[in-house]
Amino acid sequence: MSKIKKICNKQCLSFTLLLRIIMIISIIIALWRRDWVWVVGTFIGFFVSILPSLIKKDAKITLPWVLDFLIALVTILHMGGRLFDYYYTIENYYLVTRFFMSVLVAFIGLSMIYILDEHWDGLRMDKYAMGFVTVVFTMAVGVILEFVKYLNVTGTYYVKTNQVLMLNLSTDTIAGIIIAIIGVNLIKSGKFDEITDDFGNRIDEMVIERFERREKEN
Amino acid sequence: MKRTKLKSGEIILSYTLKTVMIIFLIISIWKLHWEWIFGCFLAIIVSFVPTILKRNYQITLPLVLDILITFSLLLHVGGGLLGAYNIPNYDTLTHFISSFLVAFLAFVIIYILHVYWDGLIMDKYAMAFLVVITTIAIGVIWEFNEWITDLIFKTTEQWGYDDTIKDLFIDTIAGITMAIIGVSMIKRGSFDEMTDELGKQIDKRIIKSNREEKNE
């Protein structure tokens, strides 16, 4: 069983590596097309996608491979949409990107709740309540993202129609529900603990224990 | 002594709002506004739900909840009947009050679950965070409801992109406001006082926990 898991992990890691190579190619294409906004954009995306590995190196944090993979995937989908105009040439491409981004948000949300539940005295939560919080968290982050788009802080062009807004929010909700269902089942089977165990312990050592110690001192 | 005074003040306010609602019903009958006669009648029934719950089922809702329900219904009925929706930002005010009511309800439910249910123990700040995101999420569900209604019945419940964003923003502000008020009330102990009776009744009927055991 552990052999299968090792092979799977190895393949997933290779896939993540492949995605990063595609991102580097994206940066080269952006340079070649002299699309400077997107040179910066792709570079930030690349940096975000390798951030887990950088953290791992400096702070000895092992991020769940799912998280690593999702960050790389979302960044590539977004960059592809901007650089190759897939957002405008492929129908509903923006919904696919949005869906995977929401899956990432939902996974981060569920992982955080689970880790806090395991390590922090300030939170004890039933697994179904965790599923509920994952859904509302994903929906709320989706709304915050829409506020950012509305304010247009980045100066990027977005299609601002009610229909697109409602479709985006629907996508967030569906992604949140899917991750909540998968997550609750993984928690039941004990697999979610395996995925987040190492990361959770590090977060506990680095943040939660210090926070609790400071609270006790006060 | 101070608490009793405050409670009687809340009772007076609650009944005053209900009386105004009855006055609205009389006005709508006088003007023969059939839509608002029905609206007022429905609103009066809903605003008396807390009283009915207490009398028939011994479920005591916090008086603040009673007042908020009546006030938000009153604003909506008054807006339609007296044309107050034409006043600038009146719609924003009614939306804020409704969202605040939702946030308040969410806080009450989360707090009661925290006190009585074994499946939930939360720090007060975590509760506040959950209230904010729940209020936003319920706001989104409300927008889905309007969107689907417009798609099916070809109505214009949603006025457009800017209006939907504004509604979601108001939901967020209402959630944050309630979260701040709720946390300070928990710190003072007044939130526990306010939800104590309802919590015990819910525990007795639904949760069936052992509070002492949990607090240990």
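This is a predicted model: local features need pLDDT of at least 70, side-chain atom pairs count only at pLDDT 80 or more; totals for chains, interfaces and linings use all residues.
**Entry 1: the contact between the chains**

I began with the contact between the two chains, to which chain A brings 21 residues and chain B brings 21 residues.

I then looked at the strands, where β1(A) is joined by three bridges to strand β1 (residues 120-122) of chain B, the two running antiparallel. Within this pairing I looked up Arg124(A), which stands opposite Ile121(B) in β1(B).

**Entry 2: the nonpolar core**

Which residues have the most contacts inside the largest nonpolar core? That core has 87 residues, and the ones I listed for most contacts are Ala140(A), Ala103(B), Phe104(B), Phe107(B) and Val131(B). Helix α5 (residues 90-116) of chain B gives the most to this core, with 15 residues. As a general point I wrote down that nonpolar side chains tend to be buried together in soluble globular proteins.

**Entry 3: helix α2 of chain B**

Helix α2 (residues 34-47) of chain B has 14 residues, and I read 20 Å from its first C-alpha to its last, close to the 20 Å expected at 1.5 Å a residue. Its buried residues include Trp36(B), Cys40(B), Ala43(B) and Ser47(B). Looking down the axis of α2(B), I saw the buried residues fall within an arc of 65°, so they line one face of the helix. The general rule I had in mind is that an α-helix has 3.6 residues a turn, so residues three or four places apart point the same way.

On the face of α2(B) turned away from the buried side I found Trp34(B), Phe38(B), Leu42(B) and Ile45(B), which are exposed.

**Entry 4: helix α3 of chain A and what follows**

For helix α3 (residues 65-83) of chain A, the 19 residues should span 27 Å at 1.5 Å a residue, and the end C-alpha atoms are 27 Å apart, which agrees. I listed the buried residues of α3(A), among them Asp68(A), His78(A) and Arg82(A) as well as Leu70(A), Ile71(A) and Val74(A). After α3(A) comes Asp85(A), whose phi is positive, near 60°.

Further along I checked Tyr88(A), which is found in helix α4 (residues 86-89) of chain A. Is Tyr88(A) buried or exposed? I recorded Tyr88(A) as exposed because 12 other C-beta atoms lie within 10 Å, and a residue counts as exposed at 12 or fewer. I also took its separation from Gly183(A), which is 95 residues in sequence and 33 Å in space, C-alpha to C-alpha.

**Entry 5: positive phi in the loops of chain B**

I looked up Gln58(B), which has a positive phi of about 55° although it is not a glycine. Gln58(B) lies in the loop between α3 (49-57) and α4 (63-81) of chain B, and it counts as exposed, with 11 C-beta neighbours inside 10 Å.

Where does Asn89(B) lie? I placed Asn89(B) in the loop between α4 and α5 of chain B. The phi of Asn89(B) is near 70°, a positive value in a residue other than glycine, and Asn89(B) is exposed, with 9 other C-beta atoms within 10 Å.

How values were computed
Residues are numbered from 1 along each chain as its sequence is written. Chains are lettered from A and ligands numbered from 1 in the order in which they are written. Helices (H or I, at least four residues) and strands (E, at least two) are DSSP runs, numbered from the N terminus. A residue is buried if 20 or more other C-beta atoms lie within 10 Å of its own, exposed if 12 or fewer, and partly exposed in between; C-beta atoms are placed from the backbone. Two residues are in contact if their C-beta atoms, placed from the backbone, lie within 7 Å. Two strands pair if DSSP finds at least two bridges between them. The expected span of a helix is 1.5 Å times one less than its number of residues. The arc is that of the directions from the helix axis to the C-beta atoms. A nonpolar core is a set of buried Ala, Val, Leu, Ile, Met, Phe, Trp, Tyr and Cys residues joined through C-beta atoms within 7 Å.
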